[in-house]
Amino acid sequence: MRLRHIEVIQALLQTAHLGSAAQLLELSVAEVEALLRDAESQLGFMLFASVRGRLQATREARELQGAITRVYDAFEPVQRLADSLRFHQAPPLRIVGTAPLVQQLLPQCIAALRRRFADTPCRLLCQSTREIIDSLLLRDCDLGLSLHDPEHPDIHSQALAQGKLFLLAPHGWLQAKQKYVSLQDLAGQAMVGLEGHDPLSAVLAGKLQNLRPSPVIQTRVQTYQMMRSLVEAGEGLAIVDPFTAAGARGSGLDISPLSPPVGVTLYALRRQGSDSSPLLNALLELLAEQATALLAG
């Protein structure tokens, strides 16, 4: 099959109508029908059957649908690059970060960067640290941001800012003027846990398991933002990264650092040997400044 065949099949899967698919592809109905018949001839089986004026996908077409979607997903970056070249734009700066950083740190930094480099588009995605490493190695992104140093031989890690973990608790849980929370204060408490392989939660897991009695964790979630939401709903206490804690200020929750403190570092991750640029250097400076300001708040 040719790419044009795939476009026609995808359009018909979306619209189930020759006329609507033709409008979507900016072709005539006759051209769409001819391309469909040509695709079916090459494949050796029917893709669509006419049922009550609409085109119904056959079993074979439905089985092809997942593969066709993947082709479209792979083609999208090519289309974006072609568009930028057509309009003489610089290629986009592709940034991937873990959820707390994408939600709390990056928006202000990207806005400040765009004021200085107005003609350069940016792409911002949210991924886990493992996914960020894969994206960097596959050259799908230019910069990764994480609270974990992967210590990968092909990844260069640059520390941008230092912080520490915080406890989130319902309003009134902390005593008046209490500045710190000891881990021992969490013994036997109802807490919200983090699901998956987050490096920060792995560090804490051993410390919490050694408490007597151990904290009671009935609910586990995927992100620190979800942990904050559950604390707000009264599900228990949660230990979160400093950026999630910064976002929770003013929400009515009690927020306190742990004692002894558990340190956290913000890392900028890049592929070893990758080229730098004034744009990327400016973003790294903005990230360090904004992160330091947030963590000091």
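In the predicted model, Arg-4 pairs with Glu-7 in a salt bridge whose closest N and O atoms are 2.6 Å apart. Both residues belong to helix α1 (residues 3-15), where they are three residues apart, about one turn of the helix. An α-helix has 3.6 residues a turn, so residues three or four places apart point the same way. Arg-4 is partly exposed, its relative accessible area being 29%.

The closest N and O atoms of Glu-40 and Arg-37 are 2.8 Å apart. Glu-40 is buried, with a relative accessible area of 11%, whereas Arg-37 counts as partly exposed at 41% relative accessibility.

Helix α4 (residues 59-86) contains the pair Arg-59 and Glu-63, four residues apart, about one turn of the helix. The closest N and O atoms of this salt bridge are 3.0 Å apart. Arg-59 counts as partly exposed at 48% relative accessibility, while Glu-63 is exposed at 57%. Through salt bridges that share partners, Arg-59, Glu-60 and Glu-63 are joined into one network. The count of salt bridges comes to seven.

An unreviewed UniProt entry places the feature "domain: HTH lysR-type" at residues 1-58. In the model this span is 62% helix and 14% strand, and its end C-alpha atoms lie 17 Å apart.

A nonpolar patch on the surface is formed by Leu-3, Val-71 and Phe-75, which together have about 210 Å² of accessible area. Of these residues, Val-71 is located in helix α4. Val-71 is partly exposed, with a relative accessible area of 33%; this value meets the patch criterion of over 30% relative accessible area.

In helix α6 (residues 106-116), the buried residues are Leu-106, Cys-109, Ile-110, Ala-112 and Leu-113. These residues lie on the same side of α6, because they cover an arc of only 165° around the axis. The exposed residues Gln-108 and Arg-115 are carried on the face of α6 turned away from its buried side.

Cysteine pairing was examined next. A disulfide is a covalent bond between the sulfur atoms of two cysteines. The search of the whole structure finds zero disulfides. For Cys-122, the closest cysteine sulfur is that of Cys-109, at 11 Å, so the two are too far apart for a bond. Cys-109 is among the buried residues of α6, whereas Cys-122 is partly exposed with a relative accessible area of 26%. For Cys-126, the closest cysteine sulfur is in Cys-141, and the separation of 13 Å is likewise too far for a bond. Cys-126 counts as partly exposed, at 46% relative accessibility. The cut-off applied to a pair of cysteine sulfur atoms is 2.5 Å.

Conventions:
Residues are numbered from 1 along each chain as its sequence is written. This is a predicted model: local features need pLDDT of at least 70, side-chain atom pairs count only at pLDDT 80 or more; totals for chains, interfaces and linings use all residues. Side-chain values use heavy atoms; hydrogens and water are left out. Patches are made of residues with over 30% relative accessible area and no salt bridge: like charges are joined within 9 Å, nonpolar side chains (Val, Leu, Ile, Met, Phe, Trp, Tyr) within 5 Å. Accessible areas come from the Shrake-Rupley method with a 1.4 Å probe; for residues, only the protein chains shown count as cover. A salt bridge is a side-chain nitrogen of Lys or Arg within 4 Å of a carboxyl oxygen of Asp or Glu. Helices (H or I, at least four residues) and strands (E, at least two) are DSSP runs, numbered from the N terminus. Buried means under 20% relative accessible area, exposed over 50%, partly exposed in between (1.4 Å probe, protein chains only). UniProt positions are given in the numbering used here, feature names are shortened, and annotations may be inferred rather than shown by experiment. The arc is that of the directions from the helix axis to the C-beta atoms.
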